[in-house]
Amino acid sequence: MSGLGAYPVEARVAVVRWLRLVAADAELAPYLIGVDRVRLAGHLALTLTVALGGPAGDIARPVAGAWRGLGLTEEQHRRVVDYLAGVLWALDVPAGTVDAARRAFADEAAG
């Protein structure tokens, strides 16, 4: 997916796989209709990069709420975050880092 070149390979791979899972979910896929997926992927990669301990670039805090504006219910948002955790586990990301990533995206729903 173009637009992700500035992020670490781990974040790029995770975001591409994550978006594929969300797009394949019959209940979640309709929320992606009309969404600029390249822009969404960039927001997700930035937040994930920071959650994985990488630099935030020119901003003090990752772009919050990449999923928030899509109108997901709390249960749907939890499922999106669960997909992320599954992708990270499959990529052999350490458990503490998976937990940090889950918190970063779970927190965005609360804001």
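So, the crossing of helix 1 and helix 3: this one is right-handed, meaning the near helix is turned clockwise from the far one by less than a right angle. Helices here are DSSP runs of H or I with at least four residues, numbered from the N terminus. Helix 1 is residues 9-24, helix 3 is residues 74-90, and they pack at about 135° with axes 9 Å apart. The axes are lines fitted to C-alpha atoms over the stretch in contact, and angles run from 0 to 180 degrees between N-to-C directions. That makes the pair oblique, which is what's left after under 35 degrees (roughly parallel), over 145 (roughly antiparallel) and 65 to 115 (roughly perpendicular).

Quick caveat: this is a predicted model, where local features need pLDDT of at least 70, side-chain atom pairs need 80 or more, and totals for chains, interfaces and linings use all residues. Numbering starts from 1 along each chain as its sequence is written, and side-chain values use heavy atoms, without hydrogens or water.

Okay, who touches whom? Contact means heavy atoms within 4.5 Å. Leaving aside neighbours within four places in sequence, L88 is in contact with A14, L48, V93, V98 and A101.

L88 also turns up in the largest nonpolar core, 29 residues, among those touching the most other members, along with W18, L44, L48, W67 and F105. A core here is buried Ala, Val, Leu, Ile, Met, Phe, Trp, Tyr and Cys joined through side-chain atoms within 4.5 Å; buried is under 20% relative accessible area, with a 1.4 Å probe and protein chains only. Helix 2 gives the largest share, seven residues.

Zooming out, the chain has four helices and zero strands.

Technical notes: Helices (H or I, at least four residues) and strands (E, at least two) are DSSP runs, numbered from the N terminus. Buried means under 20% relative accessible area, exposed over 50%, partly exposed in between (1.4 Å probe, protein chains only).
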